[in-house]
Amino acid sequence: MFKKYILSVFLLLLILNGINAKDIQVSILGEYNPVQLNLAIISGDYYISLDDEKILKVDNADNVRLTAIGTKVSVEKNGQFMALVENLQLISSDSLSSFKINIIRANSKTSIYPNSLFVSVKNGTFRLINSVGINQYVAGVIESEIGNVKNIELLKVQAVISRSYVLRNLDKHKAEGFQMCDKVHCQVYHGKCRFNLLINQAVDSTGYIVIFDDLNEVIDAVFHANCGGQTINSEDLWSKSKSYLRAVSDTFCSAGKQANWQKEIAKSEWLQYLSRKTGQRIEDPCLFADWNRRTQLPCCSVSLKDIRTDWKLRSTLFIISEQDGKIVFNGKGFGHGVGMCQEGAINMANNGYTYDQIIKFYYTNIHLFPYQFKTE
Ligand SMILES: [Zn+2]
Ligand SMILES: [Zn+2]
């Protein structure tokens, strides 16, 4: 009876660790090019696997120092040399464990991560991969990106969007041997969510819910700061039409911080620009005063997307007037305008809308369901 209990606990631990499809591999701290670091356990039980062969026991009082030497990792524990290996894994026995990495360099960098760590050496510096439960990763991302938000419904919106991003992009770094990087290229991730506990609550209460389109694919839940009152159809910006990225008119963001902007350009510069873009001599500055979403100037075929990039405008929603020999752009919103408008979502959440109402307002023809993992 007792043996059976031990066995089932062991099996449960196996399921909770290593072989769980709900874990993802995140490449961390690569931009610091670490060559020496200290590892310490913050909570939970850990052991270190050396080259998948030997086990090194570690506990909370131990300091483990790793140094990259050639292609190998030198391992010291409490000042004593232990091994020179190709790779090592710091493995946790439960999903609530966390450890600290202190990168040794001029401005030492300390971070705390949940779960497990894989260490090897590539091109003379450490390659660090954090193996972490998807929801703990999502909580870390939200704290890294919008850590001080206190509205639980808004945090739930971000949890569902961030989780959808991960589960749609699992192959993004496949060739490099991990699934997500910790930079803005994927999602900014500075480690364990530690300060705003509402984030954990928002992540847990949305379980494994993600956003599916009408073909039951996880959507690309793009968002931007402020749409200026109207979002854009995806094909008007990126040429690809997506059933869930439809233009919606949005009154929720009109008082947002990024609701309005203005930019002035010398008229001569503007006319030179239009002439260069069209390959013709242009003398009409192409003024217009109606706020319709458009993809190109009304008088010539120059795209607003190009104008936004070339003149560093905040959005493609603007009108053009002329004042005292200058061309004046009055604009609304900030960002590409496709998908969810963040300032609108903030206002909706502050006015009592729930996370699913907010998501369904900005994404069209979508369904919110828990993701089915292959092992289930
Ligand atoms: Zn990436
Ligand atoms: Zn908006």
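Modeller: Two strands pair if DSSP finds at least two bridges between them. The model discussed here is predicted.

Biologist: How many bridges join strand β2 to strand β5, and which residue stands opposite Leu 39?

Modeller: Strand β2 covers residues 36-43 and β5 covers residues 64-69. The two run antiparallel. The number of bridges joining them is four. In β5, the residue opposite Leu 39 is Val 64.

Biologist: Why is one side of β7 and of β10 left without a neighbour in the sheet?

Modeller: The sheet is open, with six strands in the order β7-β6-β5-β2-β9-β10. Its pairing is antiparallel. β7 (80-85) and β10 (109-114) each lack a neighbour on one side because they stand at the edges, each with a single partner strand.

Biologist: By what angle are neighbouring strands of this sheet turned against each other on average?

Modeller: The sheet in question has six strands and is open. Direction is ignored in the average. The angle is 25°.

Biologist: Which are the edge strands of the open sheet of three strands?

Modeller: The order is β16-β18-β17, again with antiparallel pairing. From one strand to the next, the twist averages 20°. Pairing on one side only marks two strands as the edges: β16 (260-266) and β17 (318-323).

Biologist: What is the bridge partner of Ile 319 in β18?

Modeller: β18 spans residues 326-332 and runs antiparallel to β17. Six bridges join the two strands. The partner of Ile 319 is Asn 330.

Biologist: At about what angle does helix α6 run to β16?

Modeller: α6 takes in residues 267-278. The helix lies across β16, β17 and β18. Relative to β16, the angle is about 85°.

Biologist: Is the crossing of α8 and α9 left-handed or right-handed?

Modeller: α8 is residues 342-350 and α9 is residues 355-362. They pack at about 145°, with axes 10 Å apart. The crossing is right-handed.

Biologist: Which residues make the contact of α8 with α9?

Modeller: The contact residues divide into six nonpolar, no polar and no charged. α8 supplies Ala 345, Met 348 and Ala 349. From α9 come Ile 358, Phe 361 and Tyr 362.

Biologist: What distance separates the centres of domain 1 and domain 3?

Modeller: Domain 1 is 2-134 and domain 3 is 260-332. Domain 2 is made of two segments, 208-251 and 337-370. Taken over C-alpha atoms, the centres of domain 1 and domain 3 are separated by 54 Å.

How values were computed:
Residues numbered from 1 in each chain as written. Chains lettered and ligands numbered in written order. Predicted model: local features only at pLDDT ≥ 70, side-chain atom pairs only at ≥ 80, totals over all residues. Domains from an automatic or database assignment. Axes fitted to C-alpha atoms, helices over the stretch in contact; angles between N-to-C directions. Contact = placed C-beta atoms within 7 Å. Left-handed = near helix turned anticlockwise from the far one by under 90°. Nonpolar A, V, L, I, M, F, W, Y, C, P; charged D, E, K, R; others polar.
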